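Biologist: I've got a model open and I'd like to go through it with you, a few spots at a time. Shall we get started?

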Amino acid sequence: MHRFGHYVPMWQAACVTGTSGSLFSRADQLERLGQGQFDVLVVGGGITGAGVALDAASRGLRTALVEKGDFASGTSSKSSKLVHGGLRYLQQHEFRLVYENLAERQRLLDNAPHLVSPLPFLIPLFGKDGLVNRSVARVYLTALWLYDLTGGIRIGHRHQRVTREQALDHMPTLEADRLVAGFLYWDARADDARLTLAVVRTAVLDHGAVAVNHAAVTSLTRDAGGRVTGATVQPDGGPAIDVSAKVVVNAAGVWADDITALGDGVNPHAITPAKGIHITVPADKFPCDIAAVIPVRSDHRSIFVVSWGDQVYLGTTDTAWDGPLDDPSCLPEDVDYILEAANAVVNQPLTRADITGVWAGLRPLLAPQEGHRAPSERTADLSRRHRVDVATDGLVSVTGGKLTTYRKMAEDTVDAVVGQLGGERRRCITKDLRLRGATGGGRFRSGTGSRSGTGDALDPAGEIATHLAGRYGSEARDVLALTDERPELLEPLVPGLRYLAAEALYAVRHEMATTLADVLDRRTRASLRDARAAADAAPAVAALIAPELGWTSEEAAARAQEYAAAVREELRTAGLDPGGDGAGGSTSGASTGASTGASTGASTGASTGASTGTEGADGTMEASGPNEPDQPAGRARTHTRRAAHTPMEGDIPMERGTAAGRPS
Ligand SMILES: Cc1cc2nc3c(=O)[nH]c(=O)nc-3n(C[C@H](O)[C@H](O)[C@H](O)COP(=O)(O)OP(=O)(O)OC[C@H]3O[C@@H](n4cnc5c(N)ncnc54)[C@H](O)[C@@H]3O)c2cc1C
C-alpha cells in the first residue's frame, strides 16, 4: 500500500522501492521497456510527458515514457522557472486560465514544497516629478486585486504597495531619480528541470512506470486497421525496441507535429514555436533580492529579473522561431534586447562582459485554429492554453500549456486515454499526490543526514543542508550519504558554485544522468549560472563520473572537450566572449557559492505614451503609460517634488488631472 493510501496493483507493487533511486537506472528501465506490454506509451520526457506518465501510472495503467534526449532537455529546462497564474492573462480576459493556473500553483506548493517556493515580485513604478501616472497605477491596482481574488491570495499574501525606499531595498540600483513607489505581489518559482525529473522519478519509483531517456521514437506501429499500436524506439547505444501500447500519447512539445506526422504522414502545423532567452549575471552586478518586473520601452512588453542565489537572471524574449527545433540559439540581438530593457531602469548598467550564462527555449504555443484569427502577429499574443486531441488512428496529442499547468494537462490527457481504453473508469489522484522528495519522512536538516551527530561540524552554517534540501527534499540524505566514505565529494563540483561533487555522482547513480550535459545543465544548473566555469570544470567532472558510466579516461577527456566546445559555441553564438578554449580559469569572476533552487520572473509596465495595459513577459502584465518618462532634465525638480510627496506605505503619489492620466 502506498503511504498515501491509494491502491497499487500487484504488478506495480513489485516495482515500488523503498530505497531511493535503486530502480531508477537506465539499464534496468531499458530492460523493462523491452519486456513490457503497456496500456500507455508517452512520447516526450518534458514536464508534460512526465506529468502524463505520473497521472497514468498512478491510475493503475501500465505506463512507459521515452525521451529522445535527457528528461527536460527540451523546453522544460529553459523556462523562466515561474509557477504562476500569469498576471497579464487577466488583461486578455483569460480569467478561467488564471484561476486554473493559480489553483495548480497552490497544488505544486503543497505537493513539492522542496522544489516550489513562494517568491515576491516587485513592480517598480516610475514617474515624473515624483508622481506616478494615475492610469498606470490604476491598471496595476486593478490587475493585482483581480489576481488576488482569482486565487493569488491562497499563497498567504495579498499584493501591497511599497514606498520608493522599500523598492530600493529590494533593488538598490533602480534609477532612484525616476522611481516613485512600487507594488509587491506573490507568485512561485521552481527549478524546471528538477521538477520534471521529480515527476518522472515519482512515476517510476512510486507507481511502477517505466521511463527511459536518450531513447527516440523513430516510427509508430499500427494494426491492419491503421490504428496506432505502439512505436519503435531507438535508444542511444543499443538496438531498436518495438514497444507495444494500447494508446500512444504524443507529448513532444514543439516536436509534436513531427510525431503526428510519423502517424499519418501529414504535418498538422498545430504548434507555433516562440523563442525566449534568458541571461545570467552575478548578483552584485544587478542586485535584486526577490524578483522584479522591468518594462521594455520599445515593445510594450516586460521582462523578469529573478534573484537566484549568487546570480540573478533576466528574461525573456518572445519571438517567432522557424529555425531548427533542436537548436534555438540565443543570438546577439536577443541579448541586446534584455540588456537594453534592464539598463533603462538602473544606474549601474550591465555589459556583455557581465553575462555568465545564457539559455534559449521554444514555447510550444498552439497555432490559431482554422477560422480563428490571432489577436496579432506577435507570438506573445498566442494562447497559453493547452489542447488534447484524439486522432482517428487513436494517437492522443497534448499540446500547448505551461510548466505551471502540467498536472491539469496530464489529467485531461489521461482522461482521453482512459476514454480510448474503455472499461473501468479510473479516477485521477494527482491533485494531492506528493512528489519524490516531499515524501520519505521528515525534513532534511543539517545533522540529520547520514553523518548524524557530526552534522554541525560538517556544515556549521547549515548551508550544505539548505542547498541540498532545496534540490532533493527528503532524498538529500541519500546524496550526503555518498560523502560518508568519500569526504572529498563535499568539494564544489564547479569552482565558484555551490553544487557538490557528490551531486554528480548521485545524478549518474540515481537520476539517470548519462552525459556531462545531463549533469552540468539539468541535474545541476551549473552551466546556466556560469557557463565558462562549467566548461572549465568539464574534464574534472568527466573524470569523476567516468567509472560509473564505464568511460575510459580517453573517452572522458573527449566528452569533456566536446561538452566545453558546445558551451563555448553557445556563448559565441550569443555574441559573448567564450572565455578561452583550454584549461584556464573562468573569466566570469564567478562568485563564491550560490544557493540552490530556481527562479522566476515578472514584468512591469512602463514606457511612454498611452495609458492602457499591454502584455509583458510570460504571464505578467504591463501597464504602459508615462510611467517611465525620459526626463533627465527634470531631475532636480523631481527631487523637490518627491520631498513633498514621500509616500507613506499604502500611498502611491499620483498625477492628478493630466489628459493621459485622468481617470475615466
Ligand atoms: C523562454 C520560456 C519561458 C517560459 N517560462 C515559463 C514559466 O515561467 N512558467 C511556466 O509555467 N511556463 C513557462 N514556459 C512554458 C513551459 O516551459 C513549457 O510550456 C513547457 O516546458 C513545455 O513542456 P513540454 O513537455 O510540453 O515540452 P518539452 O519540455 O520540450 O518536452 C518535449 C520533449 O519531447 C521530446 N521528444 C521530441 N521528439 C521525440 C521523439 N521522437 N521521441 C522521444 N522524445 C521526443 C523532446 O526531446 C522534449 O524533451 C516558458 C517557456 C519558454 C520557452
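Biologist: Let's go to Ala410: which helix does Ala410 lie in, and is Ala410 buried or exposed?
Modeller: Keep in mind that this is a predicted model. Ala410 sits in helix H11. The cut-off for buried is 20 or more other C-beta atoms within 10 Å, and Ala410 has 31 such neighbours, so Ala410 is buried.

Biologist: What does Ala410 touch, once neighbours within four places in sequence are left aside, and how far is the C-alpha atom of Ala410 from that of Thr48?
Modeller: The contacts of Ala410 are Gly51, Val52, Leu54, Asp55 and Thr430. Thr48 is 362 residues away from Ala410 along the chain, yet their C-alpha atoms are separated by 6.7 Å.

Biologist: Which residues of H3 and H11 meet?
Modeller: On the H3 side, you have Ile47, Thr48, Gly51, Val52, Leu54, Asp55 and Ala56. By class, this contact of H3 with H11 has 9 nonpolar, 3 polar and 3 charged residues. The H11 side of the contact is made up of Tyr406, Arg407, Met409, Ala410, Glu411, Thr413, Val414 and Val417.

Biologist: How are H3 and H11 oriented to each other, and what is the hand of the crossing?
Modeller: Their axes come within 8 Å and cross at roughly 55°. Angles under 35 degrees would count as roughly parallel and 65 to 115 as roughly perpendicular, so H3 and H11 are oblique to each other. As for the hand, H3 passes H11 in a crossing that is right-handed.

Biologist: What about H15 and H18, how are they oriented to each other?
Modeller: H15 covers residues 501–510 and H18 covers residues 531–549, and their axes are 10 Å apart. H15 passes H18 in a right-handed crossing. The packing angle is about 30°, and angles under 35 degrees count as roughly parallel. The orientation of H15 and H18 is therefore roughly parallel.

Biologist: Which residues meet there, and how many of them are charged?
Modeller: H15 brings Ala501, Ala504, Leu505, Val508 and Arg509, while H18 brings Val541, Leu544, Ile545, Glu548 and Leu549. Sorted by class, the contact of H15 with H18 has 8 nonpolar residues, no polar ones, and a charged count of 2.

Biologist: Which peptide bond is cis, and what is its omega?
Modeller: Most peptide bonds are trans. Look in the loop between strand E14 (311–315) and strand E15 (319–320), where Thr316 is found. The bond from Gly315 to Thr316 is cis, with omega near 25°.

Biologist: Let's go to Leu571: is Leu571 buried or exposed, and what does Leu571 touch?
Modeller: Leu571 belongs to helix H19 (residues 553–573). It has 20 C-beta neighbours inside 10 Å, so it counts as buried. From Ser329, 242 residues away in sequence, Leu571 is 9.6 Å apart in space, C-alpha to C-alpha. Not counting residues up to four places away in sequence, the contacts of Leu571 are Val358, Ala531, Leu576 and Pro578.

Biologist: Now the ligand: which residues come nearest, and which element gives the largest share of the shell?
Modeller: Of the 39 residues around the ligand, the nearest are Gly44, Gly46, Gly74, Gly253 and Gly276. Helix H3 (47–58), strand E8 (215–222) and strand E16 (357–366) each give two or more residues to the shell. By class, the shell has 14 nonpolar, 18 polar and 7 charged residues. The largest share, 4 residues, comes from E16.

Biologist: Zooming out, how many helices and strands are there, and what percentage of the residues is buried?
Modeller: The protein chain has 20 helices and 20 strands. Among its contacts between residues at least 6 apart in sequence, 73% join residues at least 24 apart. Of the 664 residues in the chain, the buried ones make up 59%.

Definitions and conventions: Residues are numbered from 1 along each chain as its sequence is written. This is a predicted model: local features need pLDDT of at least 70, side-chain atom pairs count only at pLDDT 80 or more; totals for chains, interfaces and linings use all residues. A residue is near a molecule or strand if its C-beta atom, placed from the backbone, lies within 6 Å of it. Ala, Val, Leu, Ile, Met, Phe, Trp, Tyr, Cys and Pro count as nonpolar, Asp, Glu, Lys and Arg as charged, and the others, Gly among them, as polar. Axes are lines fitted to C-alpha atoms, for helices over the stretch in contact, and angles run from 0 to 180 degrees between N-to-C directions. Angles under 35 degrees count as roughly parallel, over 145 as roughly antiparallel, 65 to 115 as roughly perpendicular and the rest as oblique. A crossing is left-handed if the near helix is turned anticlockwise from the far one by less than a right angle, and right-handed if clockwise. Two residues are in contact if their C-beta atoms, placed from the backbone, lie within 7 Å. A residue is buried if 20 or more other C-beta atoms lie within 10 Å of its own, exposed if 12 or fewer, and partly exposed in between; C-beta atoms are placed from the backbone.
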